[in-house]
Every structure is written in structure tokens, then in C-alpha cells.
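The sequence and coordinates come first.

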Amino acid sequence: MKLNLNKIHHIAIICSNYERSKEFYTDVLGLEIIQEYYRKERDSYKLDLRLNDNYIIELFSFPSPHKRLSFPEATGLRHIAFEVNDLDLELNKLEKAGISHEGIRIDELTNRRFTFFFDPDQLPIELYEG
């Protein structure tokens, strides 16, 4: 038996500081806001974000979220990866925004360049040169 899956619908991320993460995902990564909700009964925000007309991220806030260890090689969700055309150009933009990265790696299977950096809650994000 196989499920008939079409595509990934979205990735849900819980942040510890909503305004800081909202700024990061919109101003730094350049994702576009689809809708923003405040759920009074949960004291929680939900922000729907898209990239190139594709709905990809639900950003949530909660009053006291639990911390989770998050490293690129940790058990669980490994990371989010975005394809870029020019890795050097994008890394220069991150550096100008004061965001450091781990350094460029080479994918041993494809020989393509990539690196990791982190969102405000240390969620690993990969830039992969396409």
C-alpha cells in the first residue's frame, strides 16, 4: 500500500519570539505573508508564508514553548533547505545582515555547494546551490 501524495503542503515552525522570527522569515529570507492570525484563546499567532506563490511555512507562537535541541545531524526534523542560484551572493547578504553560517561544504554526491545557518531559535536552514 502506498499513499498518493502530491507534494509537501507546508512546514510548521514554533518560535520563541514571534516578532523576531516574523522579521527573520520575511525580511531576511524574503518569504511573503499570505495571512496572519491571532488566536486569542491560545494567546498564539499563526503566520502563513509563501515562496514564489508556493505556501511553505506556518510560523506559530505560543506563550511558553518547550525548547528542542536542533542540530543539522540531530534526530527528528533535520533542516529546511532552500535552493539558490548563487551561494556566494546569498551568503554575502546574510553576512551583511549579521547572520553567520558554518562555512561552505561540497555535496559529495552532486558536487554542489551548500551551507547551514540558523533561524532565531537555532532551527538549521540550508542554502543549496542549484
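Six residues lie between β6 and β7, which form a hairpin, and Asn111 in the turn has a positive phi of about 65°. The model is predicted: local features need pLDDT of at least 70 and side-chain atom pairs count only at pLDDT 80 or more, while totals for chains, interfaces and linings use all residues. Residues are numbered from 1 along each chain as its sequence is written, and side-chain values use heavy atoms, with hydrogens and water left out. Helices (H or I, at least four residues) and strands (E, at least two) are DSSP runs, numbered from the N terminus. Two strands count as paired if DSSP finds at least two bridges between them.

Strand β6 covers residues 105–106 and pairs with β7 in the antiparallel sense over two bridges. In this pairing Arg105 stands opposite Phe114 of β7. Phe114 also stands opposite Tyr128 in β8. The strands β7 and β8 run antiparallel and are joined by five bridges.

Glu32 is set opposite Arg50 in β3, and Arg39 opposite Ser44 in β3.

| Hairpin | Residues between the strands | Residue with positive phi | Phi |
|---|---|---|---|
| β2 and β3 | four residues | Asp43 | near 50° |
| β6 and β7 | six residues | Asn111 | about 65° |
| β7 and β8 | five residues | Gln122 | near 70° |

Four strands form an open sheet with mixed pairing, in the order β1-β4-β3-β2. Its edge strands, β1 (11–15) and β2 (32–39), each pair on one side only. On average, neighbouring strands of this sheet are turned by 20° against each other, direction ignored. Helix α1 (residues 18–28) packs on the sheet and touches β1, β2, β3 and β4 (54–61); its direction makes about 160° with that of β4. Axes here are lines fitted to C-alpha atoms, for helices over the stretch in contact, and angles run from 0 to 180 degrees between N-to-C directions.

Asn17 caps the N-terminal end of α1, with a side-chain oxygen 3.4 Å from the backbone nitrogen of Glu19. Gly30, which follows α1, has a positive phi near 80°. Buried residues (under 20% relative accessible area, 1.4 Å probe, protein chains only) of α1 are Tyr18, Ser21, Lys22, Phe24, Tyr25 and Thr26. Their cover includes β1, β2, β3, β4, β7 (113–118) and β8 (124–129).

Ser61 is in strand β4. Ser61 counts as buried because its relative accessible area is 8%. A polar atom of the Ser61 side chain lies 2.8 Å from the backbone nitrogen of Tyr45. Neighbours within four places in sequence aside, Ser61 is in contact (heavy atoms within 4.5 Å) with Cys15, Tyr18, Asp43, Ser44 and Tyr45.

The largest nonpolar core has 21 residues, of which Ile13, Tyr25, Ile57, Leu59, Phe117 and Leu127 touch the most other members. At least two residues of this core come from each of β1, α1, β3, β4, β5 (80–84), α2 (87–96) and β8. Such a core is a set of buried Ala, Val, Leu, Ile, Met, Phe, Trp, Tyr and Cys residues joined through side-chain atoms within 4.5 Å. Leaving aside neighbours within four places in sequence, the contacts of Phe117 include Phe24, Leu29, Leu94, Ile99, Leu123, Ile125 and Leu127.

Methods
Buried means under 20% relative accessible area, exposed over 50%, partly exposed in between (1.4 Å probe, protein chains only). A polar contact is a pair of N or O atoms within 3.5 Å; within protein, one must be able to donate a hydrogen and the other to accept it, and residues adjacent in sequence count only if both atoms are side-chain atoms.
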